[in-house]
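Reader: I have a new model open and would like to learn how to read it. Could you walk me through it, one feature at a time?

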Amino acid sequence: MPKNSRKLTRAATQRRDSTGETYTQARQGVIATLTLPEPERQAHAFRAAVALRMVHAGEDKTTAVTAVEAIQDIAQRNDWTFPVAQAAYDDPANQVMCQECGWTNGMVCPECPGCGCYNSGCSGWRHEEFMDDDERRELHECPECGGDMRNHYDCTCYDDVDDED
């Protein structure tokens, strides 16, 4: 039970707004939920989140269950509340655009067909921003000696070219 009636009122109002119940039904539901033991309360909250995703996102039950599990995982990993994690999950920029490399819509490169699969074929700034250290090293690696060709300090082939002139 909430410590004061203000918290109960806020919880009931939030439930009313998200479920479409009357205020009285929402208040009774909040009180009933709060009297449950913790494992049952968590199971109830999970079922409610799935039902809300089915209604508001138009997902079928299997998709909604998968989404709620993913949202809970995001919330735990980042120490976020469920609504914040849900907003991040539903953000179109965070949707995976390529199953092969895992790039999201927010990572798309404007200079090529788009994803991390083109890391070695496109020199766009997005690719270098989202590359891991091994990919970044390979991109700037000299094919002859293996040195870094950006500054030519590690590339011994560059020194050889200067000596021939």
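Reader: Let's start with a pair of helices: which residues in α4 meet which residues in α5?

Author: Before that, a word on the model. It is predicted, so local features need pLDDT of at least 70 and side-chain atom pairs count only at pLDDT 80 or more, while totals for chains, interfaces and linings use all residues. Residues are numbered from 1 along each chain as its sequence is written, and side-chain values use heavy atoms, with hydrogens and water left out.

Author: Now your pair. Contact means heavy atoms within 4.5 Å. On the α4 side you'll find Ala-67, Val-68, Ala-70, Ile-71, Gln-72, Ile-74 and Ala-75, and they meet Phe-82, Ala-85, Gln-86 and Tyr-89 in α5. Sorted by class, this contact has 9 nonpolar, 2 polar and no charged residues. For the classes, Ala, Val, Leu, Ile, Met, Phe, Trp, Tyr, Cys and Pro count as nonpolar, Asp, Glu, Lys and Arg as charged, and the others, Gly among them, as polar.

Reader: How many helices and strands does the protein chain have?

Author: Helices (H or I, at least four residues) and strands (E, at least two) are DSSP runs, numbered from the N terminus. Here the count is 8 helices and 0 strands, so the pattern along the sequence reads α-α-α-α-α-α-α-α.

Reader: And how do I describe the way two helices pack?

Author: Two packed helices are described by the angle between their axes and the distance between the axes. Axes are lines fitted to C-alpha atoms, for helices over the stretch in contact, and angles run from 0 to 180 degrees between N-to-C directions. Take α4 (residues 61-78) and α5 (residues 82-90): their axes are 8 Å apart, at an angle of about 115 degrees. That makes the two roughly perpendicular. As for the wording, angles under 35 degrees count as roughly parallel, over 145 as roughly antiparallel, 65 to 115 as roughly perpendicular and the rest as oblique.

Reader: Is the crossing of α4 and α5 left-handed or right-handed?

Author: Right-handed. A crossing is left-handed if the near helix is turned anticlockwise from the far one by less than a right angle, and right-handed if clockwise.

Reader: At what angle do α3 and α4 cross?

Author: Roughly 120 degrees, with axes that come within 9 Å. α3 and α4 are therefore oblique to each other, and α3 passes α4 in a right-handed crossing. From α3, the contact uses Phe-46, Ala-49, Val-50, Arg-53 and Met-54; the residues from α4 include Lys-61, Ala-64, Val-65 and Glu-69. By class, that contact has 9 nonpolar, 1 polar and 3 charged residues.

Reader: Arg-53 is on that list. Is Arg-53 buried or exposed?

Author: Buried means under 20% relative accessible area, exposed over 50%, and partly exposed in between (1.4 Å probe, protein chains only). Arg-53 has a relative accessible area of 5%, so it is buried. Its place is in helix α3 (residues 38-56). Leaving aside neighbours within four places in sequence, the contacts of Arg-53 include Glu-59, Gln-86, Tyr-89 and Asp-90.

Reader: Which non-glycine has a positive phi?

Author: Asp-79 is one, at about 55 degrees. Asp-79 lies in the loop between α4 and α5 and is exposed, at 72% relative accessibility.

Reader: Where is Cys-142 found?

Author: In the loop between α7 (133-139) and α8 (156-164). Cys-142 counts as buried, at 5% relative accessibility.
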